[in-house]
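This briefing goes through a structure by topic. Please have the sequence and the coordinates at hand while reading.

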Amino acid sequence: MRFIITLIIMTIWANSYAQDYEDIYALSQKGKTLIKEKKYKEAVAPLAKAVKICPKPLENTTPTGQVCTSCHFNIAVCAFQLEQYDMAEKELSKVIAVSPNDYESYAERSRARTKTLKFNEALADIEKAYYLAQNVWHHLISNKRYWLTHNLAIAYRNTHQFEKALEYIEKAIAIEDRVDIRIEKVKILIKLGKVEEAETELNTIKNKGTSVSMSYTQGLLMMAKKNYAQAIVHFENVRDVEEDFISANRNLAFCLIKTNRLKEAEEYIVHLNILNQNNSNRMAAEAAYLQSLVDAKRGDWQKALKSTDYAESLLTVSDTIQDLLSMHRANIHYRQGDYHDAIGECQNLVLKNPRNFDANSLIAISYLEINQKHEAGNILSSIAHQGQNPIVQARLNWYLFIIGEEEKALNQMMRLVNQNPQNPEILYYYAEMAYQTGKFNKEESLFNINKCISLDPCREEAYTLKARILVELGDVNLAQQSINKAKDLGIHHSYSLYNTAQIYLKQNQTNIAEDYIDKAIEANYDALRFQNLSVKILMENKKWNNAIAYLDKILKIYPNHGNSLKLRGMAYAQTGKLNQAVKDLQGALLKNNNDAEIHLELAKVYHTKGNYSAATNHYKTAGQLDYHYTEVFYQYGRLFMDKEDYKNAEAQLDYALSQAQQYNNFDKMDMLYNDLALTKTRLKDYNGALGIYNIGIESYPNDLMYENRAKLLTLVGDNSSAKNDYLMAISLNANNPENYFNLGKIQKKETFYYEAVVSFTHAINIKIKTKIKVPDDYYEERGEAYFLSGMYNDAEKDYVELQKRNPSNWQPLYYLGKCKYEKADYDRAISYFSNAIVINNKEEIIYIARGDAYSQKEMYGYAAKDYGRAIILNPKELCYRKKKGHAHLRGESWTDAINTYDDAIRLSSVESIAVEIEFYHAKGRAYAGKAFSEGGKDATYQLAIQNYQLALNQEHITNEEKTYIMLNMMTTYEKWGKLDEMQNIKNQLPMHIEYKEEAVIGC
C-alpha cells in the first residue's frame, strides 16, 4: 500500500515537472524570438515570467535548470540593449552562481560593470573570464579569443594599468590585426607618454579607419604633444558626429582653455550641458570642472573653488573625476599660497592611492614653498619609481632640481630630450634647468626654448624664460616683446610674475622687479610671498648680496623675524662673511632653538672657519632635533674626514646612509656613498670600500664614484676592472683629465702603448683647453708611452718640453738619449747621456745607457768605463759586470775581461746565486783570445778549455748553449793545434750546425 502511494506521488510530481519545463521552455523560446526581432523591451516579460516559475534554488544540472539559466542570460542581453546595466549585472551574477566556469558570463558581467564605472570589479571579471577561457582557448574561434583579449586590455586601461593594457592590446593584434585595436593602442601609448611611438603607430593606419575615429585620435595625439591649436582643428571635425562627439566637445573646451580662448571654451561648456540630455551627473560634473579651469585661468580662485565644489556635489558614486576635482582644488589652494590646505587635500588623495603621482608631487612642492625640503625629498624619493612616463620623468627631474640635485636632474633631462625631441614640456624644463645652471651657452638655451614655443605657442612661462635669456644676450627689445606675449596669454600666476621679476633683476631694474613681486603677492593673496619670492629669486640666482639687501628691508620692519635671519645668515655664509653669518644664525636660533636646519647651517659655517669644536656641538644638536636629517650626519662625517679621524667619520657616514635608505630623505646619495667608501679606503678596509662603491654606483652612478673605485681597484691590483671604471667615468664626464691620465697609466702597464698615448693626449688637451698648466708627469707618462710604442720623434717632443720646463732635471735628457739610441743616432745619444751625467752623476742607469751607446760605436774602452761606474754605484748588480766583461771582450782587453768575469763569479758565490753559464763561457773566450794574442801559450789555452768545460757542466744548460760553447771549444783547439781534440768535439755536434759569431750580450 505504501509503495502504491509513493508511486502515485512521484507520478504526479513528474507530470507537474514536465508541465513546468514545457511552460518555461515555451516562454524562453518566445523571449529568444523577440530578441531576434530586436524587440528587447517586449522580450523581457516572457523571460522574467519563465524565471519566476523556475525551480529554486536554481541549478544547471537538469534540462529545466539549463533553460532557466539561459533565461537569466537573455534578460541580461536585453538589459544591455536597453542600457539597464545594473539589471544586466544582477542577471549575469545569477548565471555565474550556477555556472561558475562559464567564461562568457564573466566577460559579459565585466562589460556591464564597466558601463556603471565599476572598473575594478569589471577587471576582476574579465581576468576570471580570460583565465577560464584558457582551458578551451585552442578550440575557440579567433573572434572569441580576440574579443576576450581586447576587453581585458580595456579593463586594464580603465584601471590605469596602461603597461598591462598595452601588453594585451599587442596580444589582441597578434590574434587579429584590426584598425580599432590599433587606434586603442595609440590611445594607450599616449596615456603612457610615448607620444612619438603613438604618432608612428597612427601613421601606419592612416586612411584605414573611419574619418571620425582617425580625426578624434589625432586630436588626442595633438593634445599629448601640447599642440592645442592643432588638436582643436581635429576635434572640431568630429564635434557634431555621434561617435565620440561628447568627448570631442569636452576636449575642445579643454584645448580652448589651454590656448586662453576662454569665451569660446565657455560656449562649449554650455554646449556640453545641452548635450547632456539624460541629465547625467557625471557629464554635468565634467562641465563644472571645465568651468573651474576657466575661472582659475582668469585668476578668480574663489569662483574656481565654487565651481569645483558644485562639480563634486553632483557625484554620488565613487568616480575618477572626484579625484580629478580634489586635485584641481589642491592646485587652486597652491596657487593661492594656501600650501597647508593644498597638502591636506593631496594627502587625502594619497590615502586612497599611494601611487597618485600628481598628489604626491604637489605635496612635495608645497613643502618646498614652506621651506620643508626634507619632507619634500621624502615624497620625491617615494615616487621616483613612477617616472616611466616621459612627462612624469621631466617633472620628477624638475623637482629634484629644485631641491638641489641639479647635476643629476640635468643629466637625466638631457637623456629625456634626446628620447623626446618634440615634447614641449620636456624641452621647457630642460631649457630652464640648463639656463639656471649655465650648462650650455645662452644661444643654445634660446634655440631650445624657441623650439618649445614652436611646439606649444601658448606656454606663457616659456616666453618669460625666453625674455630672461634675451636679456643676458643683451637684446632687451626682443626680451620686452616676449614679456608682452606672456602678458597677452594671461600672465597672472606667481611663476610667470616671478620669472618676469627675474628679468628686471638681471637688468638691475630693481624697482620694476619689486613691482612684479608685489603683483605676485597680490595674485596669491599672501603677503609672505614678498619674502618667499623676492629672496627666492635672488638666492636661486646666487645673487647673495642682493638677497641680503632684500632681507635687510624685511628685517627693518620685522627685526626679529627668525626665517629672514636664517636666510640672511645663509646668504652671508655664501659670500664668505662668516662672522655676520654666525651672528644672524645665532639670532635665528633665539627665535627657534629647535630648528635643526639653523643648527646645521651654523655647524657648516663653524666647520668652514675651522672651529671643529663649535661645529661638532651644532651637528650633534641638529641630529638630536631631527634624527632623520641625513645631511647633518653626512656633514658631521665630512668634518671627521677633514680631521683625518676616519673611525668616527665612518660611524657618522654609516648612520647617515642608514637614515637615507630608511627615509629616502637625502639628495646627495652619490656623495654619501663616495665619502663613506673613501673613509673605508683610508681605514684599509678595501673590501668594505668596494662593497659601498658597488652599491652606490648601481643606484646613483656618477663619474666621481667610478673614478674613486678605479683608484681603489688599482690599489688592490685589479687593473682590468679599474680600466673599465675609468672608461665609465669618462663616458659620464669627458672633461676630467685625471681619469684619462690614470687610464693611460693602466694601458701602458698592460703594454697597450698606443691606447695609452691616446689617453694621455686627451688629458693634456683638456688641461690646455681649460688653461690649466699641464703637470710634468703628464708629459713624462706620454713620452714613455710614445717611446715604448716606437714613436720616438713624438716622445722626443714631450721630453724636450720637460727639459725646457726644468733644465736641471736629468731625466728628460736621459730619455732623449734613449730615443736617439733607438734611432741609431749614437753620437747624439751619448751627448744627451753626458749632459744628464753632468746634472746627476749618481744614477747608474745613465752610465749603463751611455755604455750601450759606446758599445754600438765599438768604443769598448769608453763603454767598459761607464759600466764600471755603474758597478761602483750598485756593486751587487751582476748584469753590469756582464756588460763590462763583454765590452772588454769586444775590445780585446783579455785580462780585464777575465778579471771582470772572475769578479762576477765571486759575487755570485757571495750572494748564493747560481753562476751564469755565460760567465764561464765568456771567460773561456777571453783566455782563448789572450792565448792566441800572446803566441799560443799552452797554459792559457788550457784555462780556456777548463772554463768552457765549467760552462758545459752547469745545470739547466740548453742544447743551443751547449752547441755554441762546443763550437768555441773547436775553434780554440784548432788555434791551439790540437786537431784530434777538435775533431772529437766536431763529431759530437749535429751536422747542420754551423759556427755563428755570438752577438753582444746585454742584460
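**Briefing on selected residues and helices**

Tyr726 is buried, its relative accessible area being 2%. The model is a predicted one.

**Tyr726 and its surroundings**
- Tyr726 belongs to helix H40, which covers residues 719-732.
- With neighbours up to four places away in sequence left aside, Tyr726 is in contact with Glu707, Ala710, Lys711, Thr714, Asn739, Asn742, Leu743 and Ile746.
- Between the C-alpha atoms of Tyr726 and Met705 the distance is 9.9 Å, with 21 residues separating the two in sequence.

**Nonpolar cores**
- The largest nonpolar core has 109 residues, and those touching the most other members are Met539, Tyr619, Val632, Leu657, Met669, Leu672 and Ile846.
- Tyr619 is in contact with Leu600, Ala603, Lys604, His607, Val632, Gln635, Tyr636 and Leu639, when residues up to four places away in sequence are not counted.
- In soluble globular proteins, nonpolar side chains tend to be buried together.

**Helix H18**
- The buried residues in H18 are Tyr339, Ala342, Ile343, Glu345, Cys346, Leu349 and Val350.
- Viewed down the helix axis, the buried residues of H18 fall within an arc of 165°, so they line one face of the helix.
- An α-helix has 3.6 residues a turn, so residues three or four places apart point the same way.
- His340, Leu351 and Lys352 are exposed, on the face of H18 turned away from its buried side.

**Aromatic rings**
- There are 23 aromatic pairs in the structure.
- Tyr799, Trp810, Tyr814, Tyr815 and Phe833 form a cluster linked by ring pairs.
- Over the ring of Tyr862 sits the charged end of Lys865, 5.8 Å from the ring centre.
- Over the ring of Trp976 sits the charged end of Lys978, 4.6 Å from the ring centre.

- Lys820 is part of helix H45, residues 810-822.
- Lys820 counts as buried because its relative accessibility is 8%, and buried means under 20%.
- Beyond residues up to four places away in sequence, Lys820 touches Glu796, Asp825, Arg828, Ala829 and Tyr832.
- Arg109 lies in helix H5, residues 103-115.
- Arg109 is buried, with a relative accessible area of 11%.
- Arg109 is in contact with Glu89, Leu92, Ser93, Ile96 and Asp125, leaving aside neighbours within four places in sequence.

**Pro63**
- Pro63 is found in helix H3, residues 63-81.
- Pro63 has a relative accessibility of 47% and so counts as partly exposed.
- Pro63 and Tyr21 are 42 residues apart along the chain, and their C-alpha atoms are separated by 7.9 Å.

Key
Residues are numbered from 1 along each chain as its sequence is written. This is a predicted model: local features need pLDDT of at least 70, side-chain atom pairs count only at pLDDT 80 or more; totals for chains, interfaces and linings use all residues. Side-chain values use heavy atoms; hydrogens and water are left out. A nonpolar core is a set of buried Ala, Val, Leu, Ile, Met, Phe, Trp, Tyr and Cys residues joined through side-chain atoms within 4.5 Å. Buried means under 20% relative accessible area, exposed over 50%, partly exposed in between (1.4 Å probe, protein chains only). Contact means heavy atoms within 4.5 Å. Helices (H or I, at least four residues) and strands (E, at least two) are DSSP runs, numbered from the N terminus. The arc is that of the directions from the helix axis to the C-beta atoms. Rings of Phe, Tyr and Trp (its six-membered ring) pair if their centres lie within 6.5 Å; planes under 30 degrees apart count as stacked, over 60 as edge-to-face and the rest as tilted. A charge sits over a ring if NZ of Lys or CZ of Arg is within 6 Å of the ring centre and within 35 degrees of the ring normal.
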